[in-house]
Amino acid sequence: MLVPVFSVVGFLSLYPTIKGFILAFQNYTVFTINRIRFIGWDNFEEIITDMDFLMILWNTVVWIAVSVFFQLLLGLGLALLLRKPFKGRGLYSGLVFYPWALSGFAIGLLWSWLLNGQFGIINDVLMKLNFIEEGIQFLSNPDTAMLSVLIVNIWYGIPFFAIMCLAALQSIPDSVYEAADIDGANGWAKLVKITLPYIRPTIISTVLVRSIWIMNFPDVIYGMTRGGPAKSTEILSTYMINIVYYENDYSKASAVGVLVILLLLVYTILYLSFSKGGEVEI
Amino acid sequence: MDLHHVHQTARRGVHLSHQILAFKVSFESYRYLFEFADFGKYFLNSLFVSISASFVSTIIALFSGYVLARMHFRGKTFLVIFLFFVQMIPAYLLMIPQYSMFSSFDLINRLTGIILVYIGLGAAFSTIMARGFFVRIPVSLEESALMDGCTRLKALFKVTLPLMLPGVAAIFSFSFVQNWNEIFTAALFLNSDSKMTVPVALYSFISKAGIQWNVLAAGIVVSLIPTIFVFAFAQKYIVAGLTKGSVKE
């Protein structure tokens with residue numbers, strides 16, 4: 001009964017991963033399909049000497065760090081608010097968790113429309129309220145584009161942290177809090193001394209899984225800016241996809257993919273050794 | 001009431017009618033979407049692809065999840081960890097090698113091809129989720145059925161599977177949402193007009209010169225409806241599957 005899952009995974013995940021590593025050292029483009037050969041490290045050289053490569057790396061770091069930090073902060077806050085039962089909690093948490101089910105790409109498109117500099121609704125409202133004289137080019141200005149995609153991504157990712165933190169919070173026995181009440185602990189002390197230590201393993205594993213996931217999440221950016229303007233919102237994943245769609249250089253894109261996998265491995269090892277393990281659960 | 005006031009009121013009236021008119025125009029873009037942009041076709045493609053792939057990966061996951069939860073054998077932990085790592089590999093990293101593999105089988109630009117890709121993307125995580133649900137169903141229930149003379153298979157179908165229904169709902173809906181929303185592999189694989197899924201169609205709207213924002217916005221709204229429904233129906237199962245489904249024993 002295990003044969004189906006492992007043949008599917010073997011054919012459609014494992015084999016392609018290995019093939020991706022091989023393609024990275026070849027010259028597979030749309031134009032060379034019949035003349036594929038090994039070209040050594042050329043693809044990697046081309047990527048690393050790309051003038052924008054350092055900026056793309058930096059964007060990736062900013063994208064992950066800022067998104068995860070605020071998603072954790074706001075997700076945890078939300079979970080704390082939703083922990084105790086109140087009237088309409090089910091409906092409320094249902095609404096709060098909704099972004100999770102929505103397509104990141106469609107949400108990105110929707111926001112690019114709302115934020116449009118000429119006829120976007122947000123500029124329209126700001127102008128009607130006389131906050132601004134003329135439309136702000138949120139997404140076509142490199143200075144504001146990254147901030148805009150980050151805000152949307154943070155909003156989009158809060159539910160996942162909230163769901164995880166909420167589940168962890170609900171596993172804390174009430175008796176612990178009752179004992180703290182008897183000892184006269186105030187709300188802050190309870191948060192720092194009981195709640196956070198209890199859910200620490202969940203936070204550690206969720207931050208790891210989410211940072212990997214966010215690095216590999218080009219959907220929102222692709223819907224909003226496709227990595228532009230002037231690569232100001234380009235991260236490694238959008239960079240790779242743009243190489244596939246616009247340069248049709250599949251081997252160069254594979255080389256980016258190999259770099260992504262290596263970076264993820266290094267990151268995971270470093271993270272786990274610094275956070276002293278922490279049970280890995282999803 | 002002096003003339004000035006009358007004039008103003010009249011203007012307001014005109015303004016109001018403009019707004020009402022604008023509202024009508026927005027329905028117009030839905031009509032355009034389905035009549036001229038053939039969005040109904042893409043919607044059906046998406047439904048077909050997402051449902052088929054989710055169905056198959058749920059079945060696969062039920063078998064393997066059951067084995068990984070109930071049987072004891074050497075290397076089991078390794079297999080579970082292996083699946084855990086596999087499900088972390090994102091779609092866009094696999095799409096090029098898959099593209100090169102699938103072109104040799106003539107599966108590019110076919111819905112079958114993209115269904116296969118989605119089964120591959122979903123199988124590992126669905127299995128992890130299924131295993132989590134099976135682990136939480138007490139073995140003792142099955143054992144007592146076995147003692148009463150049930151065969152193992154009968155015990156599975158009569159006792160465990162009915163208790164597994166929330167798990168099935170969670171696995172299927174989770175995978176449906178993932179499949180419905182996937183864009184990058186679909187955009188690479190499905191390049192003919194009649195084969196596009198909804199996200200690919202939205203993408204083609206923006207890549208064409210001169211975006212019609214009203215039509216695009218209507219398309220986005222329509223594209224969000226199915227997952228909103230699925231989530232409304234399966235939210236509590238999905239949340240249970242995400243949080244408890246994969247916790248270690």
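## A tour of chain B

Let's start with one helix, H8(B): its 17 residues reach 24 Å from the first C-alpha to the last, close to the 24 Å expected at 1.5 Å a residue. Is H8(B) mostly covered or mostly open? Mostly covered, with 13 of its 17 residues buried.

Now zoom out. Of the 249 residues in chain B, 44% count as buried. Take the contacts in chain B between residues at least 6 apart in sequence: 79% of them join residues at least 24 apart.

Next, the inside. The largest nonpolar core has 135 residues, and the ones touching the most other members are A:Ala106, A:Ala162, A:Cys165, A:Met240, A:Val256, B:Ile114 and B:Met129. Which helix gives this core its largest share? That's helix H5 (residues 111–135) of chain B, with 16 residues.

How do the two chains meet? The contact takes 50 residues from chain B and 45 residues from chain A. Several helices of chain B each supply at least two residues to the side that touches chain A, among them H2 (39–70), H4 (91–104), H5 and H8 (165–181). H11(B) gives the most to that side, with 14 residues. Here is how the residues on the side of chain B that touches chain A divide up:

| Kind of residue | Number on the side of chain B that touches chain A |
|---|---|
| Nonpolar | 37 residues |
| Polar | 11 residues |
| Charged | two residues |

Chain B averages a pLDDT of 82, and 85% of the residues score at least 70. Among the elements of chain B, helix H1 (residues 3–35) has the lowest mean pLDDT, 54, while H9(B) has the highest, 94.

Two stretches need some care. Over residues 1–23 of chain B the pLDDT stays under 50, and the model has one contact beyond four places in sequence for them. Residues 245–249 of chain B also have a pLDDT below 50, yet this stretch has 15 contacts in the model beyond near neighbours in sequence. Where pLDDT is low, the predicted coordinates should not be read in detail.

Terms used. Residues are numbered from 1 along each chain as its sequence is written. Chains are lettered from A and ligands numbered from 1 in the order in which they are written. This is a predicted model: local features need pLDDT of at least 70, side-chain atom pairs count only at pLDDT 80 or more; totals for chains, interfaces and linings use all residues. A nonpolar core is a set of buried Ala, Val, Leu, Ile, Met, Phe, Trp, Tyr and Cys residues joined through C-beta atoms within 7 Å. A residue is buried if 20 or more other C-beta atoms lie within 10 Å of its own, exposed if 12 or fewer, and partly exposed in between; C-beta atoms are placed from the backbone. Helices (H or I, at least four residues) and strands (E, at least two) are DSSP runs, numbered from the N terminus. Two residues are in contact if their C-beta atoms, placed from the backbone, lie within 7 Å. Ala, Val, Leu, Ile, Met, Phe, Trp, Tyr, Cys and Pro count as nonpolar, Asp, Glu, Lys and Arg as charged, and the others, Gly among them, as polar. pLDDT is the predictor's confidence in each residue, from 0 to 100. The expected span of a helix is 1.5 Å times one less than its number of residues.
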